[in-house]
2 protein chains.
Amino acid sequence: MTQKIDFLSKNQQIVLEIIEKAKEPLKAYSILFSVQKKGIKAPPQVYRALDRLIKLGKIHKIESKNAFVACKNDSCTISNATAFSICDSCEMVTEISNPKLSKYLANFQDKTGMRYNKYNLEFFGLCKKCKK
Amino acid sequence: MTQKIDFLSKNQQIVLEIIEKAKEPLKAYSILFSVQKKGIKAPPQVYRALDRLIKLGKIHKIESKNAFVACKNDSCTISNATAFSICDSCEMVTEISNPKLSKYLANFQDKTGMRYNKYNLEFFGLCKKCKK
DNA sequence: ATAAAATTGTTATATTATAACAATGCGTAA
DNA sequence: TTACGCATTGTTATAATATAACAATTTTAT
């Protein structure tokens, strides 16, 4: 039987918790370091948990940073439509939750007629604090 | 003085040429392998050329694949607004060049009021061939 | 021509991620 | 119950991606 979709294993819970607590996106190996006291010892354990949490939509990967953030959107159970705002200076990352944008992108069609089932958008700039 | 913006060094030309010839996005180490006969021997040489070519807008990095493609848009001299269509099955990648989309994204403002100077968008799905 | 600055070459190593297999747990049919 | 099959977790090793640090060379300004 495949794992129930709403069940998190111990490792998955540990990894999720640390990502949720963090104010910044976390790198896989910094997660590994933090959770070693809890018995997670090796990279594959972290990467497996990350993969699973991504599939469940509990976290997202910031591709340009190879880092992971918790999904702020409670209703997000599958992460097929993501948009982030990233500050080039302080590296702050926030998930953009904008219905117009999601609708626009979900309905976007290019001339090839290819149909998309997933997208990821990353915006870069300076956040208000850093612009001052 | 900093390097003139339209001048490519030998290594940069070699790397650009191989990326332009390729039908698929190329990985850094596959580029390295291909250009070793031309005298490029070590990773930093490839990565420097890639960085420079990206800044010039001659190539783009597909973040979700850690791979590099040539920019198809001749007028692209700075790569601050990119959008790609990626097939999950055959891994084909095409750059989307759609004025409406670029305009929409360039003008996008989220509620924080943060102003963006760059974005990268990656769409995933099945291309026409693979959908059949 | 020569010093300063920038670029390129080279070695080594850091960082990110996965393959491969062993150990463990877990449902289920006999 | 038990033992078989299968999924999950643990472990070791290594692959793949990327950069730091410094030496050699080339370019530029004077």
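Analyst: Happy to! Let's begin in chain A, where a salt bridge joins the side chains of K21(A) and E17(A), with 3.7 Å from N to O. Please keep in mind that this is a predicted model. Both partners belong to helix α1 of chain A, which spans residues 10-21, and they are four residues apart, about one turn of the helix. As for solvent, K21(A) is exposed, at a relative accessible area of 62%, while E17(A) is partly exposed, at 39%.

Chain B has a salt bridge between K21(B) and E17(B), whose closest N and O atoms are 3.7 Å apart. About one helical turn separates K21(B) from E17(B), because they are four residues apart in helix α1 of chain B. Here K21(B) has 62% relative accessibility and is therefore exposed, given that the cut-off for exposed is over 50%. E17(B), with a relative accessible area of 39%, is partly exposed.

Next comes a bridge between loops. The side chains of K65(B) and E91(B) form a salt bridge at 3.3 Å, N to O. K65(B) is in the loop between β2 (59-62) and β3 (67-70) of chain B, and E91(B) is in the loop between β4 (81-87) and β5 (93-95) of chain B, so this pair ties together parts that are 26 residues apart in sequence. K65(B) has a relative accessible area of 17%, and because buried means under 20%, K65(B) is buried. Over all chains, the structure holds four salt bridges, and the ones described here are among them.

Helix α1 (residues 10-21) of chain B packs with helix α3 (residues 43-55) of chain B at an angle of about 75°, and their axes are 9 Å apart. The range 65 to 115 degrees counts as roughly perpendicular, so that is how α1(B) and α3(B) are arranged. On the α1(B) side, the contact is made by N11(B), Q12(B), V15(B), L16(B) and I19(B). The α3(B) side brings in Q45(B), A49(B), L50(B), R52(B) and L53(B). By type, the residues of this contact between α1(B) and α3(B) comprise six nonpolar, three polar and one charged.

Conventions
Residues numbered from 1 in each chain as written. Chains lettered and ligands numbered in written order. Predicted model: local features only at pLDDT ≥ 70, side-chain atom pairs only at ≥ 80, totals over all residues. Heavy atoms only, no water. Axes fitted to C-alpha atoms, helices over the stretch in contact; angles between N-to-C directions. Helix = DSSP H or I, 4+ residues; strand = E, 2+ residues; numbered from the N terminus. Parallel < 35°, antiparallel > 145°, perpendicular 65-115°, else oblique. Contact = heavy atoms within 4.5 Å. Nonpolar A, V, L, I, M, F, W, Y, C, P; charged D, E, K, R; others polar. Buried < 20%, exposed > 50% of the residue type's maximum accessible area, 1.4 Å probe, protein only.
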